[in-house]
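Please open the model in your viewer and keep the selection panel at hand. The tour below goes from stop to stop, saying at each one what to select and what can be found there.

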Amino acid sequence: MLNEQTLLLNVIEIITSKYNEILEENKFLVKKLKEKALYDTLTHLLNRDEFFNRLKTKKNFCLLFIDLDNFKEANDTYGHEIGDKILIEFANLLKNFFKGKDLIGRIGGDEFIVAVMDCNKNNIKSILKNLLLEIKNHFKSYNITASIGAGFYPDDNKNIETIIKIADERMYKVKKSTKNGFCIE
Amino acid sequence: MIARIYSSENSILKFALEEIYNKINQDLFINSYDFIIFAINLNYPYEDINKDIKKIFKTNNYLAFNVQNSFNNTKIVNGVSALFIKFENKGKINLYTFYEEEIDNKFKDFLKEKKDNLNLIFSTYDVNLINKITNLEFDEEINLTGGVIPKIEDIGFIYLNEKIIKKGIVVLNFENVEYKNKVITGYIPMGPDSKINVAKDNKLYVVDYKDASLITNTMLKDLDNITDLWYAPILIKRENFYIPRTFKDIKENFYIEFFGNFKTNDNYIQMSFANKEILLKEDEKEAKKLKEELKNIELVFDFSCVAREYILKDKKIEEQYIFAKTLNAPLFGYFTFGEIQSIKNEIINFNQTTLLIGVREC
């Protein structure tokens with residue numbers, strides 16, 4: 001009888017350990033799924049939905065719409081692997097450049113979005129000049145620069161959708177004219 | 001069909017057989033017999049078995065095999081048990097012998113040809129032989145049921161006429177009988193499934209990407225003997241049933257060896273535990289089902305694993321009573337080293353089960 005009880009306890013120990021493994025595995029999977037739901041899988045920046053979800057509660061910011069210039073040409077010339085590498089490096093550049101409460105996301109292809117907190121039309125110019133310079137230097141070998149459009153909350157509008165539209169339109173203005181520049185009004 | 005079982009525990013084979021001969025001749029309900037099946041303890045001199053049977057019973061229509069213990073209705077016999085069968089209508093027994101080299105062709109063709117009959121197999125204990133049988137592939141449903149006879153210190157043979165089969169199988173092919181059978185398990189599955197990563201023949205190497213022997217390391221904590229693990233057989237999971245596997249040996253940091261094999265379609269295992277009362281309840285439930293499925297049973301074969309005997313201990317005799325009481329028919333059988341049962345088009349070697357076969361002449 002004693003042997004049976006000992007064996008039963010041993011079997012339960014194995015089962016408990018197995019359940020713990022499953023639990024750990026599930027935690028890991030949940031973490032992975034969560035990451036996949038919130039972050040862009042290539043660059044690990046916030047994805048579009050999560051970016052705007054986090055932006056909802058913000059009250060004073062400058063929204064930057066950033067589109068890489070000549071990315072398509074680099075991608076066609078050097079291949080998708082290099083194209084992906086450029087996008088990852090660009091994401092890292094943004095992460096290093098913008099700090100603290102600022103939000104950075106990728107909305108698809110070579111389009112990025114940044115919400116710079118507590119920022120207005122007067123102080124954004126120097127930030128953008130430096131950003132463009134840094135991008136140009138970093139991606140010199142691929143001839144990649146950036147076109148940036150900015151929208152301001154609450155100065156331009158108090159509706160986020162409208163701010164996005166404004167920033168997007170300003171980015172296109174740059175794209176259609178000089179490229180490698182920014183437009184804030 | 002009339003079936004009678006007589007037994008003797010006389011330690012001299014000749015006297016044991018003579019005692020049985022006298023008993024059957026005094027039985028008023030059976031005055032002749034068409035076939036005899038002898039279950040003979042391993043301790044008797046095996047060289048004399050054929051000679052003594054023929055001398056005393058003066059017949060060639062018999063099959064004998066070695067056992068540790070046999071079943072004579074509600075008794076567990078440590079000697080000789082003999083089942084006498086007399087057909088009253090068109091019933092008939094045909095005896096076929098197959099050796100290892102004949103399994104892939106002759107035996108396979110036989111099973112295909114006789115797929116509608118009751119084919120009762122008696123196999124000697126040999127891992128390669130049994131793996132060969134259970135790895136046969138069929139396109140259609142076949143019928144095979146029976147057990148592996150025990151082998152202790154190289155003794156464990158089958159006997160017929162002039163022959164002693166040391167490595168091979170004998171099949172009793174029954175014509176013009178109806179039959180139903182049950183594979184009785186009753187173990188309590190415990191915990192989640194584990195994935196079989198590497199298993200070959202009777203050895204399990206890697207489970208859940210870890211050495212399989214890690215399982216037995218934990219199971220054997222504070223225990224001395226591998227037979228203690230027979231209370232917790234591993235269950236191989238199949239779609240609608242499971243196959244219990246009895247622990248045989250452990251090679252530390254390498255593999256666990258079982259009394260039965262793993263096939264390529266065995267993907268998951270589960271832990272289990274045996275409770276005597278639950279096993280007996282399962283016996284009763286399945287015996288009742290058998291009784292419902294086949295009315296007026298005239299003979300019952302009981303192939304019960306030695307590992308099941310080990311865990312039931314003193315309750316094993318209760319299993320016999322349950323079957324006898326429920327089925328109300330003569331019961332003959334023995335403790336096996338594995339139970340063989342076809343399920344659809346596959347032959348499976350079970351462990352730790354009781355295989356119950358009810359037979360009635362048409």
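Helices and strands are named here as DSSP runs, a helix being a run of H or I of at least four residues and a strand a run of E of at least two, numbered from the N terminus. This is a predicted model, in which local features need pLDDT of at least 70 and side-chain atom pairs count only at pLDDT 80 or more, while totals for chains, interfaces and linings use all residues. Residues are numbered from 1 along each chain as its sequence is written, chains are lettered from A and ligands numbered from 1 in the order in which they are written, and side-chain values use heavy atoms, with hydrogens and water left out.

**Stop 1: a serine in a strand of chain B**

Begin by selecting Ser194(B), which has its place in strand β14 (residues 188-200) of chain B. Ser194(B) is buried, with a relative accessible area of 13%, where buried means under 20% relative accessible area, exposed over 50% and partly exposed in between (1.4 Å probe, protein chains only). Its side chain and that of Asp208(B) are joined by a polar contact of 3.0 Å; such a contact is a pair of N or O atoms within 3.5 Å, of which, within protein, one must be able to donate a hydrogen and the other to accept it, and residues adjacent in sequence count only if both atoms are side-chain atoms. If residues up to four places away in sequence are not counted, Ser194(B) touches Lys18(A), Val207(B), Asp208(B), Asn267(B), Tyr268(B) and Ile269(B), contact meaning heavy atoms within 4.5 Å.

**Stop 2: the six-stranded sheet**

Next, select the strands of an open sheet in chain B, whose six strands follow the order β7-β12-β8-β9-β24-β25 with mixed pairing; two strands pair if DSSP finds at least two bridges between them. At the edges stand β7 (92-99) and β25 (346-350) of chain B, each with a single partner strand, so that one side of each is left without a neighbour in the sheet. On average, neighbouring strands of this sheet are turned by 20° against each other, direction ignored, with axes taken as lines fitted to C-alpha atoms (for helices over the stretch in contact) and angles running from 0 to 180 degrees between N-to-C directions.

Within the sheet, β8 (residues 118-123) and β9 (residues 145-148) of chain B pair in the parallel sense over four bridges, and Phe122(B) has Gly147(B) in β9(B) as its bridge partner.

**Stop 3: a threonine in a loop**

Select Thr124(B), found in the loop between β8 and α4 of chain B. Is this residue, Thr124(B), buried or exposed? At 1% relative accessibility, Thr124(B) counts as buried, and its side chain reaches the backbone nitrogen of Gly168(B) at 3.0 Å.

**Stop 4: salt bridges**

Over all chains, the structure holds 38 salt bridges, each a side-chain nitrogen of Lys or Arg within 4 Å of a carboxyl oxygen of Asp or Glu. Select Arg106(A) and Asp40(A), which form one of them, with their closest N and O atoms 3.2 Å apart. Arg106(A) lies in strand β2 (residues 103-108) of chain A and Asp40(A) in the loop between α1 (2-38) and α2 (48-55) of chain A, so the pair ties together parts that are 66 residues apart in sequence. Both Arg106(A) and Asp40(A) are buried.

In chain B, select Lys263(B) and Glu346(B), whose side chains meet in a salt bridge (2.9 Å, N to O). This pair links distant parts of the chain, with Lys263(B) in the loop between β20 (255-258) and β21 (268-273) and Glu346(B) in strand β25 of chain B, 83 residues apart.

**Stop 5: a helix of chain A**

Finally, select helix α3 (residues 71-78) of chain A, whose buried residues are Phe71(A), Ala74(A) and Asn75(A). Seen down the axis of α3(A), these buried residues fall within an arc of 100°, so they line one face of the helix, the arc being that of the directions from the helix axis to the C-beta atoms. The face of α3(A) turned away from the buried side carries the exposed residues Lys72(A), Asp76(A) and Thr77(A).
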